[in-house]
Amino acid sequence: MALDPILLSRLQFAFVVTFHAIFPVFTIGLASYVALLQGLFVATGNTVWDRLGLFWTKIFAVVFGMGVVSGIVMAFQFGTNWSNFSQFASNFIGPMLSYEVITAFFLEAGFLGVLLFGRHRVSPSVHFFAALMVAIGTFISAFWILATNSWMQTPQGYEIREGVVHVTSWVEAIFNPSFPYRFAHMALAAFLTGGFVVCGVSAWFLLRRRDVEAHKRALSMTMWLLLILAPLQAFVGDEHGLNTLEHQPMKIAAMEGNWETQSNVPLLLFALPDRDLQANRVEIGIPNGASLILRHDVDGVVPGLKEIPVEQQQPVWIVFYSFRVMVALGLLMIACAVTGLVLRRGGKLYTRRWFLHVLQIMSISPFLAVTAGWFVTEIGRSPWLVYGVLSYADAVTPSLTGGMVLATLIGYVAVYAVIFWAGVYYLFKVVRQGLDALGEGEEVHDSDRPMRPLSATHVPFDVTTASSRS
Amino acid sequence: MEMYDLSLIWAVIIAFGVIMYVLMDGFDLGLGILFPFAPDEDARDVMMNSVAPVWDGNETWLVLGGAGLIAAFPLVYTILLPALYLGVFLMLAGLIFRGVAFEFRFKSKRTRGWWNAAFAGGSFVAAFAQGCVVGAYIQGFETADRVYTGGAFDWLTPFSVLTGIGLVVGYSLLGATWLVLKSEGHVREWARGLIPKLLVAVLAVFVVVSLWTPWIDPGVFERWFDHLQVIWLLPFAALLCAVGIYAATRRRREGLAFLLTLGLFIFTYLGLLVSRWPYVIPPDYTLWDAASAPESQFFILIGVLFVVPIILTYTAWSYWVFRGKVRVGEGYH
């Protein structure tokens, strides 16, 4: 079998971007949480907020560092594997990506340093302000990236001259139809990620009865937030879906596993979509469900995949199942938040061990949901890199051979395996150290720098600290 | 907007970014290459601590250069990266490994040997790959209709291997003169002893590359042997710097030796630039052929002109705060 450079390039991009995206989605949520904690400290003067703030800032520093390292690769992928796309779209994506880089540098050179190293050098209000600016900065970074991605989904504000995109209106191109929905959906996803990780870590400490008062507060506050955010995400996700129905109907068709354009389409809970058969092998669904959700009418017409030729159809089953994984995890999150509310009566929230165990497990759910969601939106766009304008085949680097892509794919997997393992291992070390040992490790060296966020934590990489606990 | 040649402004910005990267990442990559040869673990601590507060800024310039290229000269981005596909991967893998090793070495005891190896290996691979890129760039790229049409290993030739080795020894020299400036005692004596040997190696590569380059392409030959005699001052100045490094090291003028090494790099770099100017993708495309739309160049220029002064200030501040010698056991994380 000949190696297909297009398929392998897609796999490579999916791999590097998935491993990269895990970190920023976490840092965006965590930055806001740290800002909230520091704000509470300023408002109430209660040092427990400051201690929690310090703890989560250390974790933020490590995750941010991992995000920066894995992000370097992304800046080159567009050129190495998708050079025709880069040439076609550079007049738009070039400035967008550059502004993201500029935002990040501005952030690092300015406020990140004050947040990471300025705790004892500036007043709490100034420190809070720095935390707030870092949080806003992470959103501005996400703004540029999501504007670029959204433009590739729903392009506008441009014209093509001599085979190259020319921007006719920056405002129209940046604020393209899917951008507001994608941004809101992603922002909430980042908050949910931060929230569930905080809950999981707090639960871990409560189960071990360490720093109980501080982690009770963290858990309580975060569960209130999740009670609002998780259902809100379901609403925003639904709106995002309606937007997709309008602009990318075939993506919706794949998500729903719907082949014929027709009315009274069921909401499939389970199915085996088969592209060769141009139908689903097995279907279990709620009658009229999809029509009702998408058109708010049982007789509503839902687009079907047969509208496009077979060779233009996506790998339907990946889109179909990724969508279900994302939605199922979202529903679990809502259930978790509601259960937490019920358990608040009599303070059972902090003592029911089974629930604390559930929270620990749930802390990985947002990462899975975010990944599944990106699979839906990215694979659902196939075979278009720029929807309806530029296909994968026209976008890939012409000189690329399958062997070249395979070699670097294996290489990136190997590099990331080492880096990811080291990073996650170290992260667990930092978490396990907890709040109590933070005081003595808090000296700041002259050589610590915000552009090396990992220098903000002094937790040893390979020396066991857990044994010193009582 | 029409009054200014935005492409020319951007060419200056990116050329500036590249030399900033080479000079600033150069000495810490060089330290990484010299790392396995250090006399003891104390010396390695000093080497790492001597760059800890400043090396972060270096990769800033690399990412800014990459992003700036796709925004301002997309053709360079879309021809060079496919042409250098495997080399780019090696460089990125090397940079990632050394970056992570740099952080975790400070925090580890038992696994320190592994991080040492990752730091040294990553530095060497990254430096060598960058050197090959320089060689491949001088040789030029096979293109048709604004697309790279060459093979996967076109960048790997005897000439590019030579420039790869050249950059490895060049960075090592930069690392050694930096270390002499920043250290004392046995670490400094060790680094000082390296300088003459590295200088000889650098000069050997320099001479061979200089003699070889004009024969690669008639255009380059003409540039050097036709009318622009004034450019001969560049290699001449580079050679003067080399002599100066030797003399300054002997007289223990540490700051001067380091500055002259920077000078050696700058003059060599300018020599390479004039060989191919104004071709940014030799032999076919000039910087104006490679430019993006003026409105795109202008849109991002605003942001860059805003952020570059901030980065420069931040960098200068980092160096200022951290001036002076690093002692054994000091500044330890």
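Trainee: What ground rules apply here?
Mentor: This is a predicted model, where local features need pLDDT of at least 70 and side-chain atom pairs count only at pLDDT 80 or more, while totals for chains, interfaces and linings use all residues. Residues are numbered from 1 along each chain as its sequence is written, and chains are lettered from A and ligands numbered from 1 in the order in which they are written.

Trainee: How many helices and strands does chain B have?
Mentor: Chain B has 12 helices and four strands. These are DSSP runs, numbered from the N terminus: helices are H or I with at least four residues, strands are E with at least two.

Trainee: Why call chain B compact?
Mentor: Its radius of gyration, taken over C-alpha atoms, is 20 Å, close to the 20 Å from the globule rule for 333 residues, so chain B is as compact as a globular protein of that length. That rule is 2.2 Å times the number of residues to the power 0.38.

Trainee: How much of chain B is buried?
Mentor: Buried residues are 54% of the 333. Buried means 20 or more other C-beta atoms within 10 Å of the residue's own, with C-beta atoms placed from the backbone.

Trainee: Where does helix H2 of chain B stand on that?
Mentor: H2(B) covers residues 41-51, and nine of its 11 residues are buried, so it is largely enclosed by the rest of the structure. Among them are Arg44(B), Asp45(B) and Met48(B).

Trainee: What covers them?
Mentor: The cover includes helices H1 (6-34), H5 (85-107), H6 (112-139), H7 (158-182) and H8 (185-212) of chain B.

Trainee: New topic. Which residues of H1(B) meet H11(B)?
Mentor: Ala15(B), Ile19(B), Val22(B), Leu23(B) and Gly26(B). In H11(B), their partners include Phe265(B) and Tyr269(B). In contact means C-beta atoms, placed from the backbone, within 7 Å.

Trainee: What classes are they?
Mentor: The contact of H1(B) with H11(B) has nine nonpolar, one polar and no charged residues. Ala, Val, Leu, Ile, Met, Phe, Trp, Tyr, Cys and Pro count as nonpolar, Asp, Glu, Lys and Arg as charged, and the others, Gly among them, as polar.

Trainee: And chain A: how many residues join the contact?
Mentor: Chain A brings 52 residues and chain B brings 59. On the side of chain A that touches chain B, H3(A) gives the largest share, 15 residues.

Trainee: Which classes are on that side of chain A?
Mentor: That side has 28 nonpolar, 20 polar and four charged residues.

Notes: A residue is buried if 20 or more other C-beta atoms lie within 10 Å of its own, exposed if 12 or fewer, and partly exposed in between; C-beta atoms are placed from the backbone. Two residues are in contact if their C-beta atoms, placed from the backbone, lie within 7 Å.
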